[in-house]
Amino acid sequence: GLRSGVADLGELAITEILSSEPETLVVLVDSTQGKLAVTITVDPVEPHVIVGLRAEPGELPDAPTTWAGVEEALANAGATFEYTAVEVADDGSQRVIQASPGTGSVPLGSSFKIYVLGALVQAIERGEIVWDDQLTITDELKSLPSGELQDRPSGSTLTVQEAAEKMIQISDNTATDLLIDRLGRNRVEAILPTMGMGGESQRRTLPFITTLELFTLKWGIDADELQQYVVADLDQRREMLTALAGRRPDVARFDPQVPLANDTVEWFATPNEIVTAHVWLDGYRQRPGFEPLAGILGSNPGVPLDESVWTDVGFKGGSEPGVVFLGHLLHRTDGRRFAVVVSATDPSGAVDELQAVVAAQGAIGLMATEP
């Protein structure tokens, strides 16, 4: 299957090693379809099988240099789009530099995981959890990719810090569900207003589902059951989630080109609410005891960044069929902070993730020169 999938790429030749870590290798590859950036991830546990293989365009199209160009790229990405670009003051207030009109909350994909991280930070602050606490992988908590932990044997352990790193850096779904299980759904739900999520977004998000629950609701039950969940009130939804325990999604039903209930069964927020959530997390990064946060939030910037302009970044993106969401909080060399959030959604078809990435890169470039 792998060989047939890459047959159209012709003879592949590695031209450059972009990064090399003990568990992850990123190389630039020449193919008949142009340059590709190929990421290979192996399980750190012997026999070190390949648990992740991803190919992306090795060279992005030129980023737009005007706000009109940013909007054009987003319009090309999906049926509807939202974006905001703001400067964040020391007190957390936001000065809007450019933004779409806004129509309310939008689906986040895996960007919701910053709220799980927020609940973890709060629990650590209260002394209820420490970074070195151990989590145990079980069959019940194994989710589906993205990620790698689902391939580790049940009974394997990792620290809370390792789970947080994998949740944000490679969007590991099993790591996310392990943390939600350790924290408790109620704690994650309680952090939402603290991190700035408004009433409409909470209404659409609650109950705060795990990644496995999302997969099961969409691809593990029939259409009638899914519709029952969509129209149910909050208490009824909680009862349905309890009844779903032990059921698994049918991965054969998943089609990355076909969105399913991405406007009803998801996690939701407005772009400005995501900015506020990132600012809330940013407030902890320099505090004693929260040193891991800088690496957790900053190791995967999502788009290429000019390191001579940006000294630090917090990023989390997300996607599912018909959804792409990118959220950045950036520190500029002059000490000022800026945030860029872009969203593209299509309830009927796939979203062009590359166009969304180019739009975000263009907006960040415009922030680099904001007077």
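**Exercises on rings and strands in a predicted model**

R204 lies over the face of F268, at 4.0 Å from the ring centre; a charge sits over a ring if NZ of Lys or CZ of Arg is within 6 Å of the ring centre and within 35 degrees of the ring normal.

This is a predicted model, in which local features need pLDDT of at least 70, side-chain atom pairs count only at pLDDT 80 or more, and totals for chains, interfaces and linings use all residues. Residues are numbered from 1 along each chain as its sequence is written, and side-chain values use heavy atoms, without hydrogens and water.

**Exercise 1.** Classify the ring pair of W219 and F254.

*Solution.* Step 1: rings of Phe, Tyr and Trp (its six-membered ring) pair if their centres lie within 6.5 Å; planes under 30 degrees apart count as stacked, over 60 as edge-to-face and the rest as tilted. The structure holds nine aromatic pairs.
Step 2: the centres of W219 and F254 are 4.9 Å apart and the planes stand at 75°, so this pair is edge-to-face.

**Exercise 2.** Determine whether W219 is buried or exposed.

*Solution.* Step 1: buried means under 20% relative accessible area, exposed over 50%, partly exposed in between (1.4 Å probe, protein chains only).
Step 2: W219 has 6% relative accessibility and therefore counts as buried, whereas F254, at 37%, is partly exposed.

**Exercise 3.** Identify the bridge partner of A37 in β4.

*Solution.* Step 1: strands (E, at least two residues) are DSSP runs, numbered from the N terminus, and two strands pair if DSSP finds at least two bridges between them.
Step 2: seven bridges join β3 (residues 34–42) to β4, in antiparallel direction.
Step 3: the partner of A37 is E56.

Technical notes: Helix = DSSP H or I, 4+ residues; strand = E, 2+ residues; numbered from the N terminus.
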